[in-house]
Amino acid sequence: MSVATEQRQFTSHMRLFHWLTAALVLTMLCIGVAMVASLADYHRLVSIHRPLGILILIVVVIRFVNRHYSTLPPFHATMSPRERSVASASELFLYALLVVQPLVGWGMLSAASYPITLYGSIHLFPILPHNVMLYAVLRRAHTVLAYLLFLTFLAHFGAVLFHTWVMRDGTFSRMAPWKVRAQ
Amino acid sequence: MGGWFNPEALTPARFADGFERVDGIYSGFRLNHAKGVCVSGSFESNGRGTRLSKAVVFKAGRMPIIGRFSLAGGNPYVADEPEMVRGFGLLFKLSDGEEWRTAMINTPVFGVNTPQAFYDRLLAAQPNPKTGNPDPEKMAAFLASHPETVRATKIIQSHPASSGFENSTYYGLNAFWFMDANGRSIPVRWSLAPVQPFAPANSTGPARPDKNYLFDALIASILQQPLQWHLIITIGQANDPTNDATIPWPDAREQLDVGTLTLERVESEDTSPCRDINFDPLVLPEGMAPSDDPLLSARSAVYSQSFTRRAGEKKLPSAVMPSEVRE
C-alpha cells in the first residue's frame with residue numbers, strides 16, 4: 001500500500017457508529033443519574049431509559065460486527081507497542097461494558113418480575129427467573145457498571161485529547177465525524 | 001437532577017430514609033404497607049370497558065391476577081386496628097403478555113396531594129420516643145399549612161371503615177387517562193366495590209381482638225367461599241381535577257362496571273410470589289396513561305426504592321404465617 005492511498009481514518013460507517021454510540025451512551029448516563037434522584041420525572045425517565053438501553057445493545061452488536069468486516073487505519077507511529085495494546089484492550093473493554101450493561105439491566109428487570117416495556121404494548125421476554133436476591137445483586141452491578149462505563153469513557157476521552165493536543169499526532173482525526181484529507 | 005445539586009431536595013432515597021426513621025427497619029419488608037397477605041384468583045372482564053380504553057384488560061374474557069392485602073405503616077407485626085388504612089395491590093396478567101398493576105386503599109380520597117406533603121406528614125406523625133405518641137403540635141402545624149388535608153380527612157371520616165378487608169371498597173386514588181381505539185382520551189379513576197355486604201367496623205368481634213384479626217377474618221372468608229369485587233371506572237369530565245388526589249370528583253359522574261374480580265386463594269407472604277412483586281401503580285398496559293398527578297411518578301420512584309432495598313435484605317417471617325392460612 002503506498003503512502004498516498006494509506007487509510008488514515010476509520011471507515012465512514014465506523015465513524016457513524018462511533019458517534020451514534022457516544023451520543024446514546026452519554027445521554028443514557030445523564031438519564032440514569034437524574035432518574036435515581038428524581039421523584040417528579042422518575043417515570044418519564046425510566047420510560048426512556050429502557051428502550052434506549054436496548055437500542056444501545058443493538059447498535060453496539062451491529063457496530064462490533066461491522067468492525068470485524070472493516071479495514072482499520074494503522075496506529076500512529078508515535079504510539080509505542082505498549083500504548084497500542086493498552087488502546088486495543090481499552091477499546092475491547094468499552095465494547096464489553098456496552099454489551100454487558102444493557103444485558104444486566106434487562107436481566108435485573110427480569111429477576112424483579114417487572115414487565116420490560118419498550119413502547120406501548122411492545123415488551124421483551126424475561127431472560128432470568130423471578131428472584132429478588134438475584135435482582136439485588138444485578139441492581140448493584142448496574143450502578144457499578146455505570147460508574148465503570150463513565151470512568152472508561154473519561155480515560156478514552158482523556159487519551160484522545162492528550163494525543164491530539166499535547167502530542168499533536170492527529171489521533172482525533174482518525175475518528176473525526178468529517179472527512180479528513182491526507183496531509 | 002434535584003438530589004445531586006440540592007442536598008435538601010426530596011429524592012426516593014430520602015423518602016425511604018424517612019420511612020425507616022419513623023417506623024424502624026424491618027429486614028426484607030416493604031417500607032410502607034409492611035404487614036400483608038397474598039391472594040390470587042382471576043378477573044373476568046365483561047367487555048364494556050373497551051368503550052373507554054383499548055387496554056387488553058378490558059376485552060371480554062378471564063385473566064389471572066395476584067394481589068396483596070395490607071395495612072398502612074412500616075411495622076410488619078403491628079396489631080390490626082379497624083381504623084388503619086387498608087391496602088390492596090393487584091397485578092393483572094393480560095393475554096398479550098402485558099401487565100396492569102395498581103395499588104389501592106380503602107379511603108375515597110388521599111390525605112395529601114404532593115410528595116413533599118406526604119413526607120412532611122410522615123415526619124409530623126412520627127411518635128415521640130418519650131410519650132410513644134405523635135407530637136400534637138407538629139401535626140397541628142402541618143394541618144395549619146395543609147387545608148387540603150383537613151378537607152380530605154373530613155371526607156375520609158364520612159366513609160366509616162367496614163368490618164374487614166373482605167367487605168371494603170378500595171380506591172385507585174389518583175386519576176389516570178384512558179385512550180380508546182380511536183385515539184380519544186378521557187380522565188378516569190377506578191375503584192373495587194365488594195360483593196360481600198358492608199358491615200360497620202365496630203359491630204363485630206370482641207373488644208380486644210387478636211393481633212391479626214383483620215387478616216384472620218379475610219383468610220377465613222376466602223377459605224369459606226371466593227370473594228368478589230366489581231371493578232368500577234369513574235369517568236371524569238373536562239374540568240375534573242386530575243392532579244389532586246385529595247379532591248373527589250362529583251358524585252354524578254358516570255360509573256361503569258367493567259368486570260368482576262374473584263379471589264379464590266390466600267397465602268402467606270412467606271410462600272407466595274406476591275411478597276416479591278412491586279405493585280407499582282405506573283405499570284400500565286397500552287391504553288392507560290398516568291395523569292398529571294405529582295403523586296404518581298413519586299409513588300413509582302419510592303416503591304421502586306423500597307423494592308430495591310428489601311430485595312437484598314434477609315427475609316424475616318411475615319406476621320401472617322403459612323400455618324395460619326391452612327384450613
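What follows is a short walk through a predicted model, with something to select at each stop.

**Stop 1: helix α4 of chain A**

Select residues 132-166 of chain A, which make up helix α4. How far apart are its end C-alpha atoms? They are 50 Å apart, and since 35 residues at 1.5 Å a residue should span 51 Å, the two values agree.

Now colour the buried positions in α4(A): A:Val132, A:Tyr135, A:Ala136, A:Leu138, A:Arg139, A:Leu149 and A:His163. Show their surroundings too. The cover over these buried residues includes α1 (12-36), α3 (81-111) and α5 (171-175) of chain A, and α7 (294-311) of chain B is also part of it.

**Stop 2: α3 against α4 in chain A**

The crossing is left-handed. Sort the contact residues by class and you get 16 nonpolar, seven polar and one charged.

**Stop 3**

Go to A:Arg168, which follows α4(A) and sits in the loop between α4 and α5 of chain A. For context, most residues other than glycine have a negative phi. Is A:Arg168 buried or exposed? A:Arg168 counts as exposed because it has 9 other C-beta atoms within 10 Å, and the cut-off for exposed is 12 or fewer.

**Stop 3: where the chains meet**

Next, select the residues of each chain that touch the other: 21 in chain A are in contact with 31 in chain B. On the chain A side, the elements giving two or more residues are α1, α2 (42-68) and α4. Which of them gives the largest share? That is α4(A), with five residues. By class, the chain A side divides into 12 nonpolar, seven polar and two charged residues.

**Stop 4: a helix pair in chain B**

The crossing is left-handed. To see the contact, show B:Phe15, B:Gly18, B:Phe19 and B:Val22 from α2(B) along with B:Tyr119, B:Leu122 and B:Leu123 from α3(B). That set has six nonpolar residues, one polar and no charged ones.

**Stop 5: another positive phi**

Jump to B:Leu173, in the loop between β5 (170-171) and β6 (176-179) of chain B. B:Leu173 is not a glycine, yet its phi is positive, about 70°. Is B:Leu173 buried or exposed? With 23 C-beta neighbours inside 10 Å, B:Leu173 counts as buried.

**Stop 6: B:Thr102**

Finish at B:Thr102 in strand β4 (residues 99-105) of chain B. B:Thr102 is buried, because 25 other C-beta atoms lie within 10 Å and the cut-off for buried is 20 or more. Which residues does B:Thr102 touch, leaving out those up to four places away in sequence? Select B:Leu90, B:Gly172 and B:Pro281.

Terms used. Residues numbered from 1 in each chain as written. Chains lettered and ligands numbered in written order. Predicted model: local features only at pLDDT ≥ 70, side-chain atom pairs only at ≥ 80, totals over all residues. Helix = DSSP H or I, 4+ residues; strand = E, 2+ residues; numbered from the N terminus. Expected span 1.5 Å × (residues − 1). Contact = placed C-beta atoms within 7 Å. Left-handed = near helix turned anticlockwise from the far one by under 90°. Nonpolar A, V, L, I, M, F, W, Y, C, P; charged D, E, K, R; others polar.
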